[in-house]
Amino acid sequence: MTVIGFSLFMKHCHGFSSRNTVAAKYSRFATTTSLEATSTSSGKGKLLVLGGTGFLGQCICRRALLEGYQVTSVSRRGIPPPEKSGSDTISTATTSSSSQPLSGSNYIDYRRGDVRQPDTVTNILQEGGYIGVVHCIGLLFDDASGLGAYNRLVSGSGSIPDENSSYDSITRVSAFNAIDAAIEYAKSQQSSDNDSKRRLPFVFTSAAEAGWPDVAGGPQIEQFLAPDWLRRYLAAKRAVEERLTSKDTTLSLRPVIVRPSLIYSLDRPASYLPVGAFFVGNRLGLPFVDRPVTVQSLANAVVRSLSREEVEGVLRYPDIDALNR
């Protein structure tokens, strides 16, 4: 594997943990954990997080809840993996896609659903009250890469893709379905609201490497060093970026595209080596190596971008830093 291939392999190793992350079983009826969120304000409306049980998704859900949003998470898993004993948690309500969410605003409403199915997002948005959508669904190794078995190790939440998981289906198809649903929802809101010009914020989690064509040395790195699976990974990300920033889409949606490099957390030492290497590469001025960001700062930037109408388009690490000030 090339140096670049190894770097992208480690892109999701930030979440490596030796503990089991097998999802707990749950019924179709809502249940609630024991701890209560510190913020119970529901004045900011509802946020839909696609992939809310992943490493980044969980952090976005918690941040949004603490900022006063009502949060709905959708993922195939339904609920996040068990947390470490003694770690802080936030009250959650877990439901299946067919059950009704609980009332109140001091929990995360976890739903089980497959966003690759066109109606999944549409049905949830039709419940009303949503002010934004965040897409943070992804995988590093698809089945065609021959490395799919390693996703358990490189996924921050221990996710294991099914046999039909490909970069195209997991990234492009799921995002296109969500964009279509969000556009229709936004149009319905624009026609019924007094402020017909307000666009629905749609945040997509891309990758810093998706910007290689625009930086010095990037095209050469991708052409000569990147393995086939990485080029397909980036092609799916770029397809979503292109769709999200198209003229027809931006009439109804305000696209926010975050392009993080390595995402890490200081409480996960397994990530220190690759993160350190990326810090050095960025410090040396390599234009195709973006500085890593913490999962907490990225989640904070995503949530803050929802209420800031001036934030639009591609956000790299300096923009993520700016949103954290």
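## Buried face of H9

In this predicted model, helix H9 buries Pro274, Val275, Phe278, Gly281 and Asn282. Viewed along the axis of H9, these buried residues fall within an arc of 125°, so they line one face of the helix. An α-helix has 3.6 residues a turn, so residues three or four places apart point the same way.

On the other side of H9, Leu273 and Arg283 are exposed.

## Span and end of H9

H9 consists of 12 residues. From first C-alpha to last, H9 reaches 16 Å, close to the 16 Å expected at 1.5 Å a residue. Gly285 follows H9, and its phi is positive, near 90°.

## A nonpolar surface patch

Which residues form a nonpolar patch on the surface with about 290 Å² of accessible area together? They are Val280, Leu284 and Leu286. Val280 sits in H9, which covers residues 272-283.

Is Val280 buried or partly exposed? Its relative accessibility is 47%, so Val280 counts as partly exposed. The cut-offs matter here: buried means under 20%, exposed over 50%, and partly exposed lies in between.

## The chain as a whole

The chain holds 11 helices and 11 strands. Of its 325 residues, 54% are buried. Contacts with a separation of 6 or more are 77% between residues 24 or more positions apart.

The accessible surface of the chain comes to about 14600 Å². Carbon and sulfur atoms account for 52% of that surface.

Key. Residues numbered from 1 in each chain as written. Predicted model: local features only at pLDDT ≥ 70, side-chain atom pairs only at ≥ 80, totals over all residues. Heavy atoms only, no water. Helix = DSSP H or I, 4+ residues; strand = E, 2+ residues; numbered from the N terminus. Buried < 20%, exposed > 50% of the residue type's maximum accessible area, 1.4 Å probe, protein only. Contact = heavy atoms within 4.5 Å. Areas by Shrake-Rupley, 256 points an atom, 1.4 Å probe, with all protein chains shown as cover. Patch = residues over 30% accessible without salt bridge, like charges linked within 9 Å, V, L, I, M, F, W, Y side chains within 5 Å. Salt bridge = Lys/Arg side-chain N within 4 Å of Asp/Glu carboxyl O. Expected span 1.5 Å × (residues − 1). Arc of directions from axis to C-beta.
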